[in-house]
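Work through the exercises below with the structure open. Try each task before reading its solution.

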Amino acid sequence: MKPDMDTLLTNAFSPKEEPNSRLNQTILEKANTQAASRRRPFRSAAAAVAILLILAAGSFTAIAAVRHYLSASQIVDLAFIDTGIAEAFESDDAIIINESQTCGGYTVTLLGMVSGEGLVEDDGMDYNESYLIVMLENADGSALTGDEPDILVSPYIHGYDPLTYNWFSMGGSGRSFLEEGVLYEIISCRNLECFADIGVYVGVSEYRYSKRIESFLFDEETGKISRNPDYDGLNALFELPLDPSKADNETAEKLIEYMENPTAEAYAELYLTGIEDEELKLWLAYLECHEVTLDYLEQHATVAEGV
C-alpha cells in the first residue's frame with residue numbers, strides 16, 4: 001500500500017539529526033538574557049518569546065518564558081480593597097512615568113503616580129493625596145526572594161533637606177508585595193502637586209537611616225538633591241514630571257510647617273478639613289499625633305459611669 005500524502009510530508013520535513021543538550025541549554029540561556037533586557041512594565045498579559053532556529057541538519061523551536069509584569073491597576077487591586085485608586089491609574093489624569101534606573105544590584109522602575117481627592121472613602125479626613133508605584137527587581141534578572149533589605153520609597157522636595165522633609169514627615173503610608181520575583185510598592189502621602197512649581201523627587205533607598213544618609217546629596221545653595229556617586233548601594237532618584245499650574249502654595253506652606261513642627265493643631269489644619277466640629281477635630285488630631293496628655297483629658301473628657 002502506498003503511503004498517503006501526510007506520511008510523505010512528515011517524513012520529508014522531519015529532522016534527521018538532533019542538537020545536543022548543551023547547545024539547547026546555551027540557546028535557552030541566551031533567549032532568557034535577551035528577553036530580560038527588553039522588559040517593559042505595564043503589560044496586562046503574560047508575554048513569551050519564540051525563537052525558531054533553522055539548522056542544516058533539521059529544525060526545532062525553543063520557547064523562553066518572559067517574566068510577567070503587573071499593570072498599575074492590577075498592582076493596586078492586589079494592595080487595596082474597594083478604592084478608586086485603580087481606576088485613577090487608568091484615567092487620563094494618571095502620570096505614567098515608566099522610568100528605570102539600575103544601582104546597588106537592583107533595577108528600580110518608577111511606574112507612575114495619581115493624585116487627587118475622592119480616591120479613598122471619605123470619613124472626615126482630607127484624602128487629597130498622591131499615590132506612587134515603584135517596582136524593584138534584581139538587575140541580573142533573577143527573582144527576588146523576600147530576604148532582601150527593606151527599602152524606602154520617599155518623595156523629596158527641591159530646596160529642602162531630604163533627611164528632614166520626606167515620606168515620614170509627610171505622614172506617608174505604604175503597602176508592598178512580592179509577585180513572581182518582583183517587589184511592587186505603593187506609597188501615599190499628601191498631594192505632591194502642591195509643590196509642582198518647586199520640584200519633587202522620588203528616591204528609593206534602603207530603609208535604614210545610616211544608609212539613607214549616604215544615599216543622596218543635598219546642595220543647600222541650589223536646593224538640588226542628587227544621587228551620591230561615591231555610594232555603591234541602592235539610591236535611585238527620579239524627578240516627577242508635575243504640571244506647574246497645579247501648584248498650591250498655601251497648602252505647600254502648611255505642609256512644610258507641619259513637617260517642621262508636627263503639632264496636633266497643624267495636623268488638624270492640614271488633614272481634618274472635612275470635620276466641622278472643632279473640638280472633635282482637635283481631639284482626633286491629638287490622638288493621631290499622640291499628644292493626648294492627662295491635662296487635656298481632664299479638660300475635655302468625662303469619666304464613663306459604670307465602667
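Two strands pair if DSSP finds at least two bridges between them. Helices (H or I, at least four residues) and strands (E, at least two) are DSSP runs, numbered from the N terminus. The model is predicted: local features need pLDDT of at least 70, side-chain atom pairs count only at pLDDT 80 or more, and totals for chains, interfaces and linings use all residues. Numbering starts from 1 along each chain as its sequence is written, and side-chain values use heavy atoms, with hydrogens and water left out.

**Exercise 1. Trace the five-stranded sheet.**

Task: give the order of the open sheet of five strands. Then follow the partners of β5.

Step 1. The order reads β3-β4-β5-β8-β7, with antiparallel pairing.
Step 2. Its edges are β3 (95-103) and β7 (173-179), each pairing on one side only.
Step 3. β4 (residues 106-116) pairs with β5 over ten bridges, in the antiparallel sense. Tyr106 has Asn138 of β5 as its bridge partner.
Step 4. β5 is joined to β8 (residues 182-190) by eight bridges, again antiparallel. Ile133 stands opposite Ile186, and Glu129 has Arg190 as its bridge partner.

**Exercise 2. Judge the cover of β5.**

Task: how many residues of β5 (residues 129-138) are buried, and which point each way?

Step 1. Buried means under 20% relative accessible area, exposed over 50%, and partly exposed in between (1.4 Å probe, protein chains only).
Step 2. Ten of the ten residues of β5 are buried.
Step 3. Glu129, Tyr131, Ile133, Met135 and Glu137 point one way. Ser130, Leu132, Val134, Leu136 and Asn138 point the other way.

**Exercise 3. Describe the packing of α7 on α8.**

Task: find the angle, the axis distance and the handedness, then list the contact residues.

Step 1. Helix α7 (residues 264-271) and helix α8 (residues 278-288) pack at about 115 degrees, with axes 8 Å apart.
Step 2. The crossing is right-handed. A crossing is left-handed if the near helix is turned anticlockwise from the far one by less than a right angle, and right-handed if clockwise.
Step 3. Ala264, Glu265, Tyr267 and Ala268 of α7 meet Lys281, Leu282, Ala285, Tyr286 and Glu288 of α8. Contact means heavy atoms within 4.5 Å.
Step 4. The buried residues of α7 are Ala264, Tyr267, Ala268, Leu270 and Tyr271. They pack against β8, α6 (249-260) and α8.

Methods
Axes are lines fitted to C-alpha atoms, for helices over the stretch in contact, and angles run from 0 to 180 degrees between N-to-C directions.
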